[in-house]
Amino acid sequence: MERKKVAFYTLGCKLNFSETSTIARNFTEEGFDRVDFSEEADIYVINTCSVTENADKRFKSIVKQSQKVNPDAFVVAIGCYAQLKPEELADVNGVDLVLGATEKFKITDYLNDLSKNDFGEVHSCEIEEADFYVGSYSIGDRTRAFLKVQDGCDYKCTYCTIPLARGISRSDTLENVLTNAKEISDQGIKEIVLTGVNIGDYGKGEFGNKKHEHTFYELVTALDKVEGIERLRISSIEPNLLKNETINFVSQSRTFVPHFHIPLQSGSNHILGLMRRRYQRELYVDRVSQIKKTMPHACIGVDVIVGFPGETDEHFLETYNFLNELDISYLHVFTYSERDNTVAAEMEGVVPGKVRAKRSKMLRGLSAKKRRAFYESQLNTQRTVLFEGENKEGYIHGFTENYVKVKAPWDPALVNTLQTVKLDKIDDDGLVRFEFVANEMLVS
């Protein structure tokens, strides 16, 4: 009997990538062949995201894309959007099956009959039922792996649907995380990125309850001892959960790299209050200062939301000036979009779309300026680069430990290797050129 083919498309965050990869391995173990999403498959699985409006819109076009390649293919929707609005996804032409938060890891159980449905079949749960933990990690797609250590969130930020889509905060056991990390390193992957919804909350729910057996700091120190791992990177951590002990440990760590991504969301304490964030801007300044004190060359990325209800021009300028003066390296700018069943969607002071777009553009411009200044500060320093596996128009790209993106003429021998380099100059496209230090080989 011919083996069935399955293809995957992932929208959204690193966490989604790690889960898609784990689900794909389950398919392979059950006798399916994985193919690229652009190829003909019997089953197309789309892992959805609900963080932005854009991800919602893109879903329809991705379904269309799969139906063009194979109109008879069975289309499955999983992920956050599938949990929040299963009926809406089931109504999209071509969708056969929608699985909620607890069902997505049992996807093959639902595939006994692959004939197309007139209407999408929904299997979703009340989000309160999503109280168990499923570990996952991504390998095989890139030179780095995303290792999920935590899921769900107990915070109640007024703009966010993630607690509704992923449930309560819960963690993997420390033993399991270390086993997964070892499995990844045994595959020859050089870098592991720790991921989750709220990873600084790690430890909570390790035994299905709120008891903390381990902390994020204990996780970091235990991972640092795993043999075979060259690099560990913390993906994104709330400022109130990033403690001095963790910062100090990373500064002296064997494997953890000097790169932090810390959500800010607003530089105005008034707006932070409306968002129900668990800190004020003063704490954020303190975290950045602590990192730069112990690791002056550290890269610091920032999430920021523009156009939140009630954000006046004054509030926005407060954010802009705050970020301009802060010693950070780049921004991820999100334009606020109303999400159903959130407190913010009912708030007064709605910011017009054009104003949101203008503010977003201003902060993206500031981000480019910040990144350029950070790259310039790193010129003439020695760094270690991990090279990626894709030939991009005759060039190979890579990242230094502190997240400077470099390029060199394509050389397959460099793929997935770590090389010592001296950062030389910034190219016209904003990427950095370098010289190899070890063999004095010049890259121009």
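This is a predicted model: local features need pLDDT of at least 70, side-chain atom pairs count only at pLDDT 80 or more; totals for chains, interfaces and linings use all residues.
Residues are numbered from 1 along each chain as its sequence is written, and side-chain values use heavy atoms, with hydrogens and water left out.

I begin with the sheet of 6 strands, which is open, parallel and ordered β2-β1-β3-β4-β5-β6. Its edge strands are β2 (33-35) and β6 (121-123). Strands are DSSP runs of E of at least two residues, and helices runs of H or I of at least four, numbered from the N terminus; two strands pair if DSSP finds at least two bridges between them. Between β3 (residues 43-48) and β4 (residues 74-79) there are 6 bridges, and T48 is opposite G79 in β4. Helix α1 (residues 14-29) packs on this sheet, touching β1 (5-10), β2, β3 and β4; contact means heavy atoms within 4.5 Å.

Strands β12 and β13 (residues 299-306) share 6 bridges, and H261 has G301 in β13 as its bridge partner.

Finally, I turn to helix α12 (residues 353-378). Its 26 residues reach 38 Å from first C-alpha to last, close to the 38 Å expected, where the expected span is 1.5 Å times one less than the number of residues. Among its buried residues are R356, S360, L363 and F374; buried means under 20% relative accessible area, with a 1.4 Å probe and protein chains only. After α12 comes N380, with a positive phi near 70°.

How values were computed: Buried means under 20% relative accessible area, exposed over 50%, partly exposed in between (1.4 Å probe, protein chains only). Axes are lines fitted to C-alpha atoms, for helices over the stretch in contact, and angles run from 0 to 180 degrees between N-to-C directions.
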